[in-house]
Amino acid sequence: MALNLSKQDWLLFLGFALVVLTMPITLQPLGAAYPALMQKFCIFGIFALGFNILFGLTGYLSFGHAAFIGIGSYAAVWMFKLLTMNALPAIFFSMIVAGLVAVVIGYVALRRSGIYFSILTLAFAQMFYNLAYSVLTPLTNGETGLQLTLNDPRMLDNMAGAATGGLPRVELFGIGLSGGGYAGFYFCAVILILCFFFAIKIFRSPFGLMLRALKSNQNRMRYTGFNNRPYLLAAFVISGVYAGLAGSLMAVTDPLAGAERMQWTASGEVVLMTILGGAGTLVGPILGAAVIKYFENIFSAFNEQTLHRIFDFLPDSIENPLVSVLSLFVGEGWHLTLGVIFVLIVIFLPGGIMEGFRRLSGLFNRGGGGGKPAVASHPQPAE
Amino acid sequence: MDAILLQILNGLDKGGAYALIALGLTLVFGTLGVVNFAHGALFMMGAFCAVAFNKLLTLQSVTIDPSQTTPWGSPMEVRQPYVEAWLGESGKFLVDYSVPASILLAIPVMLIVGIAMERGLIRHFYKRPHSEQILVTFGLAIVIQEIIKHYFGANPIPQPAPAAFRGTAAVGEMIGLGQGLPYPWWRLIYLAFSLSIIGAVFAFLRFTTYGMVVRAGMRDRETVGLLGINIERRFTVVFGIAAVVAGVAGVMYTPILPPDYHIGMEFLVLSFVVVVVGGMGSLGGAVLAGFLLGILQSFASMNEVKAIIPGIDQIIIYLVAVVVLLTLPRGLMGRAGVMEE
Amino acid sequence: MSSFIVTRRGLLRTGALSGLALAAPMHFVRGAYAEDKMSCNVPTGDTVTFGFNVPLSGPYADEGQDELKAYKLAVKHLNGEGDGGMLPTFSSKALKGNGILGKKVAFVSGDTQTKADAARDSAKRMVEKDGAVVITGGSSSAEAVAVQSLCQDLGVIFMTGLTHSNDTTGKDKKRYGFRHFFNAYMSGIGLGPVIGEAYGADRKAYHLTADYTWGWTQEESMKAATEKLGWQTVKTVRTPLGIGDYSQYITPVLNSGADVLILNHYGKDMINSLTQAVQFGLRDKQVNGKQFEIVVPLFSELMAQGAGEAIKGIYGTANWDWKLTDPGTKAFTQSFGKEYGTPPSQAAHTCYVQALLYADACERAGTFYAPEVIKALEGFDFDGLGNGPTLYRAEDHQCFKDILVVQGKEAPKDKFDLLEVRKIIPAKDVTYDAKIFGGDLGPADAKTC
């Protein structure tokens, strides 16, 4: 692939890479700089980035994308069990399997559009989910989750005569990736950056333009004698492969695959992430994923005692009612915060956080009196 | 034979629940053109009306009885519900019948909730794309769920049916097939209840002038508006009715399945499939598809069927949805031009 | 999703919010003092953090909430607050009620949602972010098996909560995982003869089984035990976890020709399936000229409360019951009842005991260094914790002790008096050869996380 990005895109890309790689330092004050959480930022970032290629560019709302996460995870764990603990074959295998499944689902579901498409993808995902719990248990190990065992064949590793005591870790040429630690995070971070680069290329390519044209008016495209289906299918498959990759990274950092990650609520979650960040923008979905995962891990750990400690400086008559109201929104209730933010965003800021940034920078530029339009490195929404 | 009849009954029973939820969903879509992902939350709120009513009836006075002690040595607390203390036997009767009685609470509550929802939020989304409607109502559903969870906890709260209906009915004898065919009373009542609600909604739309205007509005809102009829207000009422239907369906379902804050979401997915299979905006289609899918699911879980196609009980509904959507693009009874932009 | 009682890190984190951003770089520092005797999260300050990983939502949430209550009580007792609970009756006198090795016990908790994935997430957070030196809790074997293998990876000891699958200390056993609770195999040995005596040798059984590791092993164990009695197994059907409405699984039982239904369900699933089975009139039925019976191989006081009338007369097994009369049980029931106003469930009991056993092992080992603590637990013989003399077997980290056969009471005195202990099966009868379930504990080498 040629590396001919525009100067602005290079800046965006390098800036993004810098932000991702310095997370262990920059997130310290937020209390989010521990590997398990930062891995999640990266993994769900990839998931949302891929989802956005379908939803943001073409406007097709899939409600079954979590199926690919699950399929990717299962494929990766099977690779660990059968071949080797090296992460790379597992990742490639997951992407291929997820891609093949996406071709089949996409071929069928893309025959319909609008809500019919959403329901079709949902139906497929639910079928996978339910089957993973019933007849496919030999492949998925059902509720227990697919796990590594000591008597897995691991053919390549055993040929190489790797010494084992207990369960091996997932590794990349000797560097342990699973079981906590920063190696796992950096591995995910590098892959996220690569995925981001690839996403920029798609957004800027004629293919990306074509998808946007489909979003704005399918009929017009069809009347020009243009066959939509292959383009839509390609977008669907690419986003499926991204999701499969995200699923395989879940397995790399923690070699267990459970069917819960295929449930439709997980599909709903990626929709939330994308919308929250800004559908159709490059950075938005990743930002949305990070915000949601951050809330989930940090906000949910707050409780009344924490709040009381924070608002200790207030007099009791103010502190107590304030804490009891706020406690609705943290701890167990963090979903409520999420729901409220989400409703507000859809009502007032349909373009998500990125649109908020743009409006702010627009205000700022106007206030500064400069006549420059607020484009800069911010990508435009797909509309 | 018995086995098959039993599965049909069970399927009708499930189908009744699906149809009731799908009915409201498709009513809102047909009249207002809004895809309401918060509809499941309305069902859940109805169920929690029953829980709240029961809690209210069983508020207890606590007295300490020093003559008895608990196994760990503290004095035993004796609790007596106020209602029983005040009303005696009739109080007990009221507590026993709290589930059906709470319908009386659920109707006004759900009507208010429905109207508030339409006026406050949904109204502003008539002109926005369907995907944004889905998203905003989805967010609203999360908010409603979390509020319920905050006040009622995350665990299901069992609501017993009235004692008289807890046992089984000998359905076989009722329909003259001799012995056997036992079926729980409450599930039979639920079936009858869902059929009568469906009938009432259809009768309202077909035989009242109000309903006629609403139906006309479903077809062509502008013309009805031009005739000088305030269609907007009628649509608000329709939304309220849909909320009430979902709510009472939730109330009556509590003895079958103890409600938790998440119960609506589980039904939502299924009822969307039902609505789409029936055809978006088609009331008859929703009811037909509800019963059809209920019965199919019930048959698919027979051991004889599972022996032939393992796992079919888990996917039958979705499989039918895929097949229907691919062969009949508008579902079983959908009208042309709906959701096909 | 989790709650923080005052812990050092908790304080620091709040500190960070108000501007003192000094708290976090533990991960960088930790590598720096990776000496010989350093395993994951060995505490260096004056507190030691336990991670309580319990289901607060999902089908086993009732058990999870009771477990958390028991853990909070255990922390109190370890720190010398309250009446001391089972500390005075415990045969090992290493614990003095002054924390562990002079460090005060603090804890963090997380909600496993009764899901393996969420349980691992929550355990990982408690280890990586909150610095928990031990993870304990859980109410499902799927969680236990998943968290156990994670803890083996992380090098953190995992004291399981309620987990009854044979796999937990069988084919999925881990060096870092320890189970006090009994298992399905023991239930089969204990329950078989009792139901044989009650229901006769000529019976046809139909199994409904929760579709995961615990259900599978319990179905297998019950099948083996009942077939030994001469019963036939008509059919075994797997049901997904947490589905709520079991009617589609119960209706086929009615015409299957079976005269016993064995419900391999637990928690709310069992409450739902049992009450629905009763609603469908199964217990009023006569099949093959015999009264239709329902057996629930594993159940507890909490589930009996949920199921109400339906539980009366039903046979099952239990790890422990608060109505036992040994001094340990009495002391624990006293202090739990005083604190919370209800008697403790068996889930609460096993979790309380596990917390004490871990603390005691650290005290006896004289260190929190995981490999030494593991050595102290392996092969440990103890008494006074409610189950009589108990052995933590070294080969599979399974406790061997007496187990109970219980029956739902026909005429309960009060709302706590729901189960009746029918028979106590002595430890020697339920002891089996560790080899029959296979598996390998793996290494005990320390990890610095």
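Colleague: At what angle do the axes of helix α9 (residues 182–204) of chain A and helix α12 (residues 228–253) of chain A cross?

Modeller: They cross at roughly 170°, and the axes come within 10 Å. An axis here is a line fitted to C-alpha atoms over the stretch in contact, and angles run from 0 to 180 degrees between N-to-C directions. Please note that this is a predicted model, in which local features need pLDDT of at least 70, side-chain atom pairs count only at pLDDT 80 or more, and totals for chains, interfaces and linings use all residues. Residues are numbered from 1 along each chain as its sequence is written, while chains are lettered from A and ligands numbered from 1 in the order in which they are written.

Colleague: What makes α9(A) roughly antiparallel to α12(A)?

Modeller: Angles over 145 degrees count as roughly antiparallel (under 35 as roughly parallel, 65 to 115 as roughly perpendicular, the rest as oblique). The crossing angle is roughly 170°, and therefore α9(A) is roughly antiparallel to α12(A). Helices are DSSP runs of H or I with at least four residues, strands are runs of E with at least two, and both are numbered from the N terminus.

Colleague: Which residues of α9(A) and α12(A) meet?

Modeller: Gly184(A), Phe187(A), Cys188(A), Ile191(A) and Cys195(A) of α9(A) meet Tyr242(A), Leu249(A), Val252(A) and Thr253(A) of α12(A). Contact requires C-beta atoms, placed from the backbone, within 7 Å of each other.

Colleague: Why is strand β1 (residues 47–54) of chain C described as largely enclosed by the rest of the structure?

Modeller: A residue is buried if 20 or more other C-beta atoms lie within 10 Å of its own, exposed if 12 or fewer, and partly exposed in between, with C-beta atoms placed from the backbone. Seven of the eight residues of β1(C) are buried, so the strand is largely enclosed.

Colleague: How do you know that β1(C) pairs with strand β2 (residues 104–111) of chain C, and in which sense do they run?

Modeller: Two strands pair if DSSP finds at least two bridges between them. Eight bridges join β1(C) to β2(C), and the two run parallel. The path from β1(C) to β2(C) goes through helix α3 (residues 61–78) of chain C in a right-handed β-α-β crossover.

Colleague: Which strand of chain C pairs with β1(C) over three bridges?

Modeller: That strand is β3 (residues 134–137) of chain C, in the parallel sense. Phe50(C) has Phe107(C) as its bridge partner in β2(C) and Val134(C) as its bridge partner in β3(C).

Colleague: What makes β13 (380–382) and β15 of chain C edge strands?

Modeller: The open sheet of three strands has the order β13-β14-β15 (chain C), with antiparallel pairing. β13(C) and β15(C) each have a single partner strand, so one side of each is left without a neighbour in the sheet. Three bridges join β13(C) and β14(C), and Phe380(C) stands opposite Tyr392(C).

Colleague: How many C-beta neighbours does His397(C) have inside 10 Å, and does it count as buried or exposed?

Modeller: His397(C) has 26, which meets the threshold of 20 or more; it therefore counts as buried. His397(C) is in the loop between β14 (390–392) and β15 (399–400) of chain C, and its phi is positive, about 60°, although it is not a glycine.

Colleague: Is Arg179(C) buried or exposed?

Modeller: Arg179(C) is buried, because 28 C-beta neighbours lie inside 10 Å. Its place is the loop between β5 (177–178) and α6 (184–199) of chain C. Leaving aside neighbours within four places in sequence, its contacts include His397(C), Gln398(C) and Cys399(C). Thr350(C) is 171 residues away in sequence, yet the C-alpha atoms are 9.0 Å apart.

Colleague: Does Met174(B) count as buried or exposed?

Modeller: Met174(B), in helix α8 (residues 171–174) of chain B, has 11 C-beta neighbours inside 10 Å and therefore counts as exposed.

Colleague: How many residues of chain B are in contact with chain A?

Modeller: There are 32, in contact with 32 residues of chain A. On that side of chain B, α7 (130–152), α13 (263–278) and α16 (312–327) each supply at least two residues, and α7(B) gives the most, with 13 residues.

Technical notes
Right-handed = clockwise from strand over helix to strand, strands pointing away. Contact = placed C-beta atoms within 7 Å.
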